[in-house]
Protein chains: 2
Amino acid sequence: MRHHFSSRAAGAKRSPIRELLKLTEQPDIISFGGGLPAPETFPHEELAAIAQELLLKEPHNVLQYGTTEGSRTLRTEVAKWLSDQDIHVTLNDLLVTSASQQGLDLICKAFFDPGDVVFCGLPTYLGAVQAFNLFQITKIGVPLEDDGMDIDELESRIVAARREGKRMKGIYVIPDFQNPSGITLSLEKRQRLLEVARAYDLLIFEDNPYGHLRFSGEPIPSIFSMDDEGRTIMLLTFSKVLAAGLRLAVMVARGDLMDVLVRVKQPTDLCTSKLTQMIAARFMQRHGLDRHLAEIRPIYRAKKEAMVAALAKYMPNDEGLRWTNPDGGLFVWVWLPESVDAEEMLPRAIAHKVAYVPGASSYVDGDGQNTMRLAFSLCTLEQIDEGIRRLAEVVTETIASLKAGARS
Amino acid sequence: MRHHFSSRAAGAKRSPIRELLKLTEQPDIISFGGGLPAPETFPHEELAAIAQELLLKEPHNVLQYGTTEGSRTLRTEVAKWLSDQDIHVTLNDLLVTSASQQGLDLICKAFFDPGDVVFCGLPTYLGAVQAFNLFQITKIGVPLEDDGMDIDELESRIVAARREGKRMKGIYVIPDFQNPSGITLSLEKRQRLLEVARAYDLLIFEDNPYGHLRFSGEPIPSIFSMDDEGRTIMLLTFSKVLAAGLRLAVMVARGDLMDVLVRVKQPTDLCTSKLTQMIAARFMQRHGLDRHLAEIRPIYRAKKEAMVAALAKYMPNDEGLRWTNPDGGLFVWVWLPESVDAEEMLPRAIAHKVAYVPGASSYVDGDGQNTMRLAFSLCTLEQIDEGIRRLAEVVTETIASLKAGARS
């Protein structure tokens, strides 16, 4: 039946990494692989009470179809919450989605014809790359620096793409504690990114799943809040700040941009679950998202600190070896010595009962073989220490065997 | 910002009907418009107990990410339930989706390039037409007869499309109590449809949201169950048999067809809500879907009978006026005299405090002006009687004024 497949389906490959990570679900493996939120942060008792109450008292609401735009109650709560962060939007600027991955699908649908160009980080979020691939979008990578995307390099790649007659649509960026690198885009660079987007008439897709998980340092305003032209679409999600299993997110955009997103969402799924929407809305009304965030941030901070401390304690002294120390989010990023291929090293790691995500799949230019992503979110502090100890053994062995190979 | 829109976005129009129907949400209007399940069929007390229990006892399961394929527990229950209906599938033949509208989105993604052809009924489901439009798919309509799609006509349109060099992919069909017409495809025609699909190497997209809502007559086997070549994809949904607000459905397909659907689902939304999946799975385990269906079918039967009785009682005697009398589902379909335009008549109906869906939007060939869809599912028996009484007044007035216009 394969002759019936669309040409876009060829771009939808099962991720070999994801398949490999399925092997790591054995209980004796310590996995830093999946970017899953810490389950102990789920306010499950509060959600249980809310779900029960909604189903008993408002079944005709929560069990019925809703509007494509999303629940007014939820959007009202989100607008209030954003207003407290000095982001002022109306309900019409908010679209509820079935998590942010759907938001990326809607962006692809609304703005990209095959061959159109999106600019993204080197590295960038694998799920976004998969969405771009499915829609046959041309991805042009831009290197990240310690303070985020290299804006000079971005501009020169835009100029080059323009010279080649490419149809450029926008820049995809995860400004806070980026997945996979943990890197944050500085305030100055956010300003410059907006200037570049304006100068070359590009949209900005600001994916912000981790911004509210800042556990140290000062918050930096979102690009959306600094954009007075309305060319930014911001994706916020409940996956990391409340519960991933709700599959619930909110897109923030104005005017025509929002209008087209609503129009493409309707044939995509008619509407997002009213039940999950109302569970989140009631949680915001009753408990407050900021109060909850204040409770869960220390959990992530402790895990990040445990991971960075373990890396310092166990990793071999090698000048090619370094890692990020993020102020928030879920991930630490490791650069291994250039001779080490993290994907080739993974079977050895699994044999040592520890797992990670090799970084190369997050590079749209085929680079990044010597990088890996470590999620500190899912493990306990003890598992983090033990897992990094095992991983350091693997790295030490790998470097040693490469050196032996080089000598022989 | 409109110059940034994709060419496909032009195919995503807000439905004017849907916008008009928003006006009908006033409480004094009796609306036969939206195809919403009867809210009194939602087993909300059972679902409340299940949701609470799941959130208290399995939060790390139901609030976390799941696999793209869907919960094994839910797929196991669905496989068992289908086995009782003599449809034998493995878990790998089942893909959980965020309701069947997402299933249509995945079908469009997996199989259709712009310009590829799908065959569908005249009329057919508006939501499917919207999905086909978004993916720039060429829709070729085939008239429905009282026992479903005219298969001779289908074959001659396939031959004509082939002669024109069109790339044909499949046939979209809602075999049981079709939306919008309520018409059921006969057993003989299901067999012939499969033969035609085989002869011309087409896929069959069997959308079956209503098949289990049969309240009279004998069930007819699904096309999927009669297909020994594996060219049929069946879409089943919990929207009408459990609760629409869960946004939960299951696609049934084999081999390569299932493989590509899973591959395009991953970048679409990563996974469907684990919470809603486990609520449905637990309901099936604990209460049984067949027992629940046995309880809710009489509710739909009574409503359908009330509507058909009211139509017979109130509608004027006019030889051009007739309607379907379905054995299941949610809809009665009305053919008005050819001179009546149901869309033009709608404002008059709303003035009389009754609403319906004009049929023309369900015809991909621009026909059907004199048809309308009446959903009997949402109203009470009293509202059905009163609503049809009002509607009959509107029809009577409209016919009279057209005759007066013709005379003058």
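Two residues are taken to be in contact if their C-beta atoms, placed from the backbone, lie within 7 Å. The model is predicted, so that local features need pLDDT of at least 70 and side-chain atom pairs count only at pLDDT 80 or more, whereas totals for chains, interfaces and linings use all residues. Residues are numbered from 1 along each chain as its sequence is written, and chains are lettered from A and ligands numbered from 1 in the order in which they are written.

A rotation of 180 degrees with 0.0 Å of shift along its axis superposes chain A on chain B with an RMSD of 0.0 Å (least squares on the C-alpha atoms of residues with pLDDT of at least 70 in both). That is the relation of a two-fold axis. Gln52(A) is the residue of chain A that comes closest to the rotation axis, its C-alpha lying at 2.7 Å.

Within chain A, the domain assignment (automatic or from a database) gives domain 1 (2-42 + 291-401) and domain 2 (44-289). The C-alpha centres of domain 1 and domain 2 of chain A are 24 Å apart. Their contact takes 33 residues from domain 1 of chain A and 36 residues from domain 2 of chain A. On the side of domain 1 of chain A that touches domain 2 of chain A, 15 residues are nonpolar, 10 polar and 8 charged (Ala, Val, Leu, Ile, Met, Phe, Trp, Tyr, Cys and Pro count as nonpolar, Asp, Glu, Lys and Arg as charged, and the others, Gly among them, as polar).
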